[in-house]
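Please keep the coordinates open while reading.

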Amino acid sequence: MMDAGATWTDERVELLKKLWADGLSASQIAAELGNVTRNAVIGKVHRLGLSGRAKDAKPASAVSQRPRKASRVPSAPAPIAPQTHSNVVIAPISLQPAAMETEVLVEENMAIPMSERVTIMELRESMCRWPMGDPTKPDFRFCGARSITGLPYCTHHARIAYQPVADRKRERKLARA
């Protein structure tokens, strides 16, 4: 391997200075000098303290400027299209007060038999995922009843999980009294 300092003879340094002043790039100078890299040229220019390039002295008309793109007149903001995250449509649960009260009373009084409850391994897409019992105990199960299409719970557990805000506030007040 050649010593890097040996390639910079006085003649080569003078040629470097001339080519640099003429405005050649470091790559062009390296090619002209031969046996030296672009980075070596940049390093030598830096160590010599060379600055002021011929292109700096060029008149402004000689420098090609890219034409500026005409600015666009702002228009009305584009409407934001609704984003769909899945192809599942969730139908609203219609809760009619009279029918709901009778159904809830029947369902609240009805205990789900252990035989109808399912383990995590038995749980299927159409089954209610309402947890029943303590998850740390071996008898922990899920409801397993038929779930509402598009929801993870059966009708009874959906009513518990998805309560209207007004109903929740009313129930909290009743619980405090």
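The closest cysteine sulfur to that of Cys143 belongs to Cys128, and at 3.9 Å the pair is too far apart for a bond. The cut-off used here for a disulfide is a pair of cysteine sulfur atoms within 2.5 Å. With that rule the count is zero disulfides. Cys154 is in no disulfide either, its nearest cysteine sulfur being that of Cys128, 3.8 Å away. In general terms, a disulfide is a covalent bond that links the sulfur atoms of two cysteines. Cys143 is buried, at 1% relative accessible area, and Cys154 is likewise counted as buried, at 7%. Buried stands for under 20% relative accessible area, exposed for over 50%, and partly exposed for what lies in between (1.4 Å probe, protein chains only).

This is a predicted model, in which local features need pLDDT of at least 70 and side-chain atom pairs count only at pLDDT 80 or more, while totals for chains, interfaces and linings use all residues. Residues are numbered from 1 along each chain as its sequence is written, and side-chain values use heavy atoms, with hydrogens and water left out.

The protein's secondary structure consists of seven helices and two strands. These are DSSP runs numbered from the N terminus (helices H or I, at least four residues; strands E, at least two). Their order along the sequence is α-α-α-α-α-β-β-α-α. Of the 177 residues, 21% count as buried. The accessible surface is about 14300 Å², and 57% of this belongs to carbon and sulfur atoms; the areas come from the Shrake-Rupley method with a 1.4 Å probe, and for residues only the protein chains shown count as cover. A contact here means heavy atoms within 4.5 Å. Among contacts between residues at least 6 apart in sequence, 48% join residues at least 24 apart.

Which residues of helix α2 are buried? In this helix, residues 26–33, they are Ala26, Ile29, Ala30 and Leu33. Viewed down the axis of α2, these buried residues fall within an arc of 100°, so they line one face of the helix. The arc is taken over the directions from the helix axis to the C-beta atoms. Ala31 and Glu32 are exposed, on the face of α2 turned away from the buried side. The cover over the buried residues of α2 includes α1 (10–21) and α3 (38–48).

After α2 comes Gly34, with a positive phi near 75°. Asn35 is found in the loop between α2 and α3. Asn35 also has a positive phi, about 55°, although it is not a glycine. Asn35 is exposed, with 60% relative accessible area.

His156 is buried, its relative accessible area being 18%. Between the C-alpha atoms of His156 and Ala145 the distance is 9.6 Å, and the two are eleven residues apart in sequence.

The last topic is confidence. The pLDDT is the predictor's confidence in each residue, from 0 to 100. Its mean for the protein is 76, and 63% of the residues reach 70 or more. Among the elements, α1 has the highest mean pLDDT (93) and helix α5, residues 97–109, the lowest (44). Over residues 97–109 the pLDDT is below 50, and this stretch has eight contacts in the model beyond near neighbours in sequence.
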